[in-house]
Amino acid sequence: MNTIALMYHGIFSAHHSVSNMPAEDLPYAISESTFAEHLSLLNGKPVQLTFDDGDAGWYYSALPLLKEFQRKAIFFVTPELIGTPGYCDWEQLRALVLAGHQVGTHGLTHRFLPDLTEQQCVDELAISKSILEDRLGVKVTTLSFPGGRFGRREVQLAKRAGYQFCFTSEPGRLKTFDIDMLGHDEPNQALIIEPRIAVRADTGNDWLAGLIEGRTTLWGRIYVVHWIKLVLKKLLGNQGYHGLYRLLRS
Ligand SMILES: [Zn+2]
């Protein structure tokens, strides 16, 4: 049983650049060689790998490296981004499925669910699920919230749409998640919300090792930073928070 889940985004390499990547996603993009180092460090460790958004680096870098290190991952896809510049197309996603990886949804359009009306939110959750199921021929029971934004309403709607597991961007250790539980019909299963730790461009190997070892000071720092971000988002709202984020990065 894995104890934590890591959240990756884009991976760049000689085959795939980050030139089409939105500026706000760049702090989360890592190189292929960094990803290989991470896999080497994580070898045999109880860590679930997850990926958000649909970057084409999943196909060019993650797919061969995961095979080399014999790991299975979950790829959270936003259907409206599929086949657009810099993102995986349907064939590339099918290759991930064929290799035994899991696919979950990451909204239909990547809009933040709490900003939408109830009907829009239902559509984001239900349509993305059915498109992925139809086009990839798999059962989709996992979801990761776009931008990590969710509340009680979004959880209720996800449950109604038939999801088993919702992954957030909130730090913590996994409760019950096991990748082998996915894809099976378990109609009475309660919806389970699972935390994830974001991997960033500046994530160092020592930090990653400390995370897995459970180094108290490192985990404490993660929780404090998360708490500060939560307070800022509450004070400024989603738009204001992103405005501040862009300002600080410019
Ligand atoms: Zn995303």
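User: Before we get going, what puts two residues in contact here?

Analyst: Their C-beta atoms, placed from the backbone, have to lie within 7 Å. Keep in mind that this is a predicted model.

User: Is I30 buried or exposed?

Analyst: Buried, because 22 other C-beta atoms lie within 10 Å of its own and the cut-off for buried is 20 or more.

User: How far apart are the C-alpha atoms of I30 and F12?

Analyst: They're separated by 6.3 Å, with the two residues 18 apart along the chain.

User: Switching to the largest nonpolar core: which residues touch the most other members?

Analyst: L6, W58, A62 and F75, out of 48 residues in that core.

User: Pick A62, then. What is A62 in contact with?

Analyst: Setting aside neighbours within four places in sequence, A62 contacts I11, F35, F51, G57 and A73. I11 and F35 are also on the list for I30.

User: OK, domains. What does the assignment give?

Analyst: Domain 1 is 4-214 and domain 2 is 216-250. The contact takes 10 residues from domain 1 and six from domain 2.

User: Which element gives the largest share of domain 1's side?

Analyst: Helix 6, residues 205-213, with three residues. By class, that side of domain 1 has five nonpolar, two polar and three charged residues.

User: And how far apart are the domain centres?

Analyst: 21 Å, taken over C-alpha atoms.

Terms used:
Residues numbered from 1 in each chain as written. Predicted model: local features only at pLDDT ≥ 70, side-chain atom pairs only at ≥ 80, totals over all residues. Domains from an automatic or database assignment. Helix = DSSP H or I, 4+ residues; strand = E, 2+ residues; numbered from the N terminus. Nonpolar A, V, L, I, M, F, W, Y, C, P; charged D, E, K, R; others polar. Core = buried A, V, L, I, M, F, W, Y, C linked by C-beta atoms within 7 Å. Buried ≥ 20, exposed ≤ 12 C-beta atoms within 10 Å, placed from the backbone.
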